[in-house]
Structure formats: structure tokens, C-alpha cells
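Me: I would like to go through how some terms are applied to the contacts between two chains.
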Amino acid sequence: MRLSDAQVWAAIAGLVVMVFLTRNAFLVVPMRWQPRGAIERALRHAPLAALVALVTPSMAEALIAPGASFASVWFDARLPAALAALLVSRLAKSAFPGMAAGVAVLWLIDAMA
Amino acid sequence: MTPSARAALLDGARLIGGTVFGTFCWGAAIGMALVKGGLSSMQALGMVMLVFSGTAQVAALPLIAQGAALPAIWLTALLANLRFVVYSAVVANEFRGRPMAQRLLIGWMTTDTGLAAYLAGQQKASASLSERDRAARFMGANGLVYFGWTLGTAVGVGMAGLIPDSPRLAFVGLLAVVAIIGQMMSTRLAWSIAVPAALVAVIGRDWPWRGGMFAAIAVGVAVAMLMTRPLERIGGRAS
């Protein structure tokens, strides 16, 4: 069953509320409930872990697929492109060259396949 | 806006820099997916500009397309976005002195890449900025993400059906994230967080409601706790 137009807008409005609640959860609670000290400092590393978790499943897909071989991982292109992006951005200490290198590897391998 | 706040705003945007192209591509892929999922152009644009959360939208879209009950759609988005509760604790501490309205705007603007780039920039910053300038810096980083994301989606919505959608388009967005990770990988601590987080994320890739991602964050934060504590005891700051 399809949602009516009004229902879709209601769904979107609810999503706005949900996103607002999660992103502002600790901004609206009293200060004394805020994590402090070592926990607060450790939480500053949460975005790095989250970004890693955001990208790795897609990068690893070809690697963990049944019957994966060097050729299948190479021609899938996602893992080589990601490694190029990681290496170049690490060496350049800057993100844009890394992304450009990743895209270049992606195109090159796609052109070969 | 004071000159120093304006400088901080631009400086924040520079933290994201050219990787906004990846955000743009990712947005374009999402925009096409929203229209293919049955949303009108207005609905797709409204969703992107107001919800401004890729993960919530990606989680909600299949449910909207199949006509699921509204509370189920909302709950799914809430669970898929639980990591933002963790972020909000960091953001609340960072900007505790700002007026409430501004704190709420800052909280709503928080993105994964914007916050990560901001925090990495804070570690490297030689001079410490005032809280107002830090807020401007944060908004500069996340504002550029918002711009790239919204523009990308608008283009995606407009082009849906005109060009074939390619999984490669969304993947350019992921490459931008990989590059942002890469520029953060300059310490042993960063590697110690990233490697176990990556393993957990791959193991938990099919867990419902982004459970794998949440577990990866928990592992990363636990590693950060373990590795920074001993240093603290001898008087050093590890973060």
C-alpha cells in the first residue's frame, strides 16, 4: 500500500523530529548529566570510529564475498580505490588529494575491466 | 559577525574543502533514489533540506516506499541515528557557553564528516580559539557539508530518470569519507581506534538499525579510554 502525499509529509516531519532529538539530545539535558573527564575525551574519538564503520562494509564486500580472488577484488575496484584514497590522504595530510586519487583508481580499473 | 568569527567560518569550511565534491555525488545518488522510491520532487527536496541526514533517509526510504506504518518509519530513523546522541555529548561540551538557540542550531547541523574534521582540526590548532570562533568554525565545516549535500540532492532529484543511476556515484561519497579518515590517521591512537572499529563494522554489517556501526563506535571509544587513561595519570594529555 502506498502512502498518500499527506502521509509522506507526515513521515518527513517525524524524521525531522527524530533527527533533531538525536542530534540535540545532550544539548538540552542539564549540564550535570553531561559526560566529563576521561569519558568525554574518549567520546571525541567516536566520529572517527563512526566514519570507519560507515565505509568499511562496502569496501570489504568484494573481499569477503564467497569465492573472492585477487582478480575479483581488483576488478570490483572499490577496495583498491579506498586504499589509494587512504594512502594519499595520509601522506598528503589533506583529504582532497586522497579523494581524487581514489576516484582516479576507480576510473582506471573500470576502464580496464 | 566579527572578523575573527568570519575567518573561523572560512577556516572551518576549509577543513572539509574539496571533499565536498564527494558529498555532492553522494547527495545526487540519494536524490535519485528518493525519486525512484516514489517521492515527488518537492517531497524529496523537502526531506533532504529539513531532515539533512543520509543515514536516516536511507533507512526510512524503503519503509516509505512500501507504505509502512509511520511510527515504524520514525523508530527506524531514530535507531539508525543513535550515534548522533553520542556526538551531541561532545558538541554540548564543546559549546556549553553558547546561547540555547545557537546550541540547537549547532546540534542540528552536526554531520559525521563535519564533526570529525572539526575535532581533527582542533587537535592541530596551535592557538586556542574563543568559543564563539570555534562555533563559527564548526558551522563552517558542517555548513559546507550541508551545501554540497543539498545541492547534490537537488541535482539528483532533477536528473532522476534522465541518467542511469550508478552505484559508483554513491561510492565517490564514500571515497571522500575515506580521505577524511586518511588525514586523521597520523597517530597510533587513531590506528588503534580505526582497525578494531573496521573489523566490528564488517562483522556487524547486516545487523539491524546500524547496530554494527554502533558497536564499532563503542569499541572505538573503549579503545580511546584505555589508551588515554595511563597517559593522563603521568600528567600527559593524550587527546
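Reply: Axes are lines fitted to C-alpha atoms, for helices over the stretch in contact, and angles run from 0 to 180 degrees between N-to-C directions. Helices are DSSP runs of H or I with at least four residues, numbered from the N terminus. The model is predicted: local features need pLDDT of at least 70, side-chain atom pairs pLDDT 80 or more, while totals for chains, interfaces and linings use all residues. Residues are numbered from 1 along each chain as its sequence is written, chains are lettered from A in the order in which they are written, and side-chain values use heavy atoms, without hydrogens and water.

Me: Why is α6(A) called oblique to α10(B)?

Reply: The axes of α6 (residues 95-112) of chain A and α10 (residues 167-184) of chain B come within 8 Å and cross at roughly 140°. Angles under 35 degrees count as roughly parallel, over 145 as roughly antiparallel, 65 to 115 as roughly perpendicular and the rest as oblique; therefore α6(A) is oblique to α10(B).

Me: What makes A:R44 and B:E94 a salt bridge?

Reply: A salt bridge needs a side-chain nitrogen of Lys or Arg within 4 Å of a carboxyl oxygen of Asp or Glu. The closest N and O atoms of A:R44 and B:E94 are 2.8 Å apart, so the pair qualifies. Across the interface of chain B and chain A the rule finds two salt bridges.

Me: How many residues are in contact across the two chains?

Reply: With contact meaning heavy atoms within 4.5 Å, 92 residues of chain B touch 71 residues of chain A.

Notes: Helix = DSSP H or I, 4+ residues; strand = E, 2+ residues; numbered from the N terminus.
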